[in-house]
Amino acid sequence: MKLTFVKMHGLGNDFVVLDGVRQSVELTIEQLRFLADRHFGIGCDQVLLVEQAGLAGVDFRYRIFNADGGEVEQCGNGARCFVRFVHEQGLTDKREIRVETLRGVIVPRLEEDGAVTVDMGLPVFAPDQIPFVSATDDLLQVLPLADDEIAITAVGMGNPHAVQLVVNVDTAPVDRQGPLIESHPRFPQRVNAGFMQVVDRHTIRLRVFERGVGETLACGTGACAAVVAGIARGLVDSPVCVAMRGGELSIAWNGTGSPVLMTGPAVTVFKGEIEL
């Protein structure tokens with residue numbers, strides 16, 4: 001099977017994007033892992049699949065597969081690349097589209113300056129909806145890790161996040177704690193681990209250990225979750241500049257009942273064809 005693909009990235013969080021509208025794409029977990037492999041395949045954090053919409057009033061269906069081959073609910077940086085992809089491929093001429101994901105409909109918009117703004121929907125704090133095993137809905141939750149324990153805020157942004165406050169992201173124990181948080185039994189579907197440093201009321205620094213991937217240069221939903229957690233805890237005010245190793249995103253949230261808006265770049269790197 002030969003597949004055409006486009007390699008893209010959002011702040012260094014990189015993707016192999018496949019057009020499932022004009023070509024048939026049915027991939028096994030092994031094939032997905034091969035595409036994501038940086039030595040033997042193309043190399044990416046996630047494989048993104050564009051499909052025809054399955055819901056009325058929606059333009060496309062958006063599927064996301066992590067580097068380990070597992071399908072996940074949401075990817076913010078990928079959503080920005082998604083809207084640029086469908087424009088560049090001539091699949092739509094709409095600047096704002098409605099996109100079906102595993103966790104609902106998102107609305108990305110291609111701005112005049114080339115940036116992309118995505119309405120990421122409402123954040124979720126209810127433990128059973130994240131999902132997160134907890135007897136309370138407290139913003140701060142103690143999470144035991146081996147011989148240590150940390151305080152986290154659990155947030156759902158279409159996918160689960162555990163955000164903790166750190167003094168300095170450069171020295172944060174991302175490599176050590178990331179895998180332990182990701183697979184913690186209180187997160188039955190695993191979780192993305194965010195390490196947030198507050199710089200000022202409108203700026204944070206962030207590192208994210210993504211489930212099924214490891215640490216990435218940027219994470220869109222992770223940026224949204226960190227800002228939501230920071231605002232809810234009274235640490236920052238909207239809008240917030242989120243500085244990650246791959247670059248910066250602007251995140252706006254007006255509080256309970258309001259959607260989270262994410263704005264940032266989406267870049268096409270190259271196009272190609274691969275045989276599976």
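Buried, in these notes, means under 20% relative accessible area. I started with Leu11, which has a relative accessible area of 8% and is therefore buried. The model I am looking at is predicted.

**Entry 1**

I found Leu11 in the loop between strand 1 (2–10) and strand 2 (13–19). Most residues other than glycine have a negative phi. Arg190 sits in the loop between helix 3 and strand 12. Is Arg190 buried or partly exposed? I get a relative accessible area of 32% for Arg190, so I noted it as partly exposed.

**Entry 1: cis peptide bonds**

Ile130 and Pro131 are joined by a cis peptide bond with omega about -5°. I placed Pro131 in the loop between strand 8 and strand 9. The bond from Ser238 to Pro239 is cis as well, with omega near -5°. Pro239 belongs to the loop between helix 4 and strand 15 (240–244).

**Entry 2: the nonpolar cores**

Which residues touch the most other members of the largest nonpolar core? Among its 52 residues, I found that Tyr62, Val242 and Ile251 do. Helix 4 (residues 220–232) gives this core its largest share, eight residues. Another core lies apart from it; I counted 18 residues there, including Leu145, Ala154, Ala172 and Phe195.

I went back to Ile251 for its contacts. Leaving out residues up to four places away in sequence, Ile251 touches Ala223, Cys224 and Val227, among others. The list for Ile251 also includes Pro239, Val242 and Met262.

Which residues of helix 3 (residues 174–182) are buried? I listed Val174, Gln177, Gly178, Ile181 and Glu182. Looking down the axis of helix 3, I see these buried residues fall within an arc of 130°, so they line one face of the helix. An α-helix has 3.6 residues a turn, so residues three or four places apart point the same way. On the face of helix 3 turned away from the buried side, I found the exposed residues Asp175 and Arg176. I also checked what covers the buried residues of helix 3: the cover includes strand 9 (141–145), strand 10 (148–156), strand 11 (160–165), strand 12 (192–200), strand 13 (203–210) and strand 14 (214–216).

**Entry 3: the largest pocket and Met120**

The largest pocket has a volume of about 160 Å³. I find 16 residues in its lining, and Arg103, Met120, Leu122, Met157 and Gly158 lie nearest its centre. Strand 7 (residues 104–110) gives the most to this lining, with three residues. Sorted by class, the pocket lining has seven nonpolar, eight polar and one charged residues.

Met120 is in the loop between strand 8 (116–119) and strand 9. Its relative accessibility is 6%, so Met120 counts as buried. Not counting residues up to four places away in sequence, Met120 touches Gln74, Gly76, Met157, Thr221, Cys224, Val260 and Met262.

How many cavities of 30 Å³ or more does a search of the whole structure find? I noted two.

The largest cavity holds about 80 Å³ of space. Of its 15 lining residues, I found Gln46, Gln74, Asn159, Asn192 and Glu210 closest to the centre. Strand 4 (60–66) and helix 4 each supply at least two residues of this lining. By class, I have four nonpolar, nine polar and two charged residues around the largest cavity.

The second largest cavity has a volume of about 40 Å³. Its lining includes Leu206, Arg207, Val208, Glu215, Met244 and Arg245. Strand 13 and strand 14 are the elements that give two or more residues to this lining, and strand 13 gives the most, with three. For the second largest cavity I wrote down six nonpolar, one polar and three charged residues.

Notes: Residues numbered from 1 in each chain as written. Predicted model: local features only at pLDDT ≥ 70, side-chain atom pairs only at ≥ 80, totals over all residues. Heavy atoms only, no water. Core = buried A, V, L, I, M, F, W, Y, C linked by side-chain atoms within 4.5 Å. Buried < 20%, exposed > 50% of the residue type's maximum accessible area, 1.4 Å probe, protein only. Helix = DSSP H or I, 4+ residues; strand = E, 2+ residues; numbered from the N terminus. Contact = heavy atoms within 4.5 Å. Arc of directions from axis to C-beta. 1 Å grid on protein atoms, 1.4 Å probe; cavity = no way out; pocket = protein on both sides within 12 Å on 5 of 7 lines; lining within 4 Å. Points joined across faces, edges and corners; volume = space filled by probe spheres on them. Nonpolar A, V, L, I, M, F, W, Y, C, P; charged D, E, K, R; others polar.
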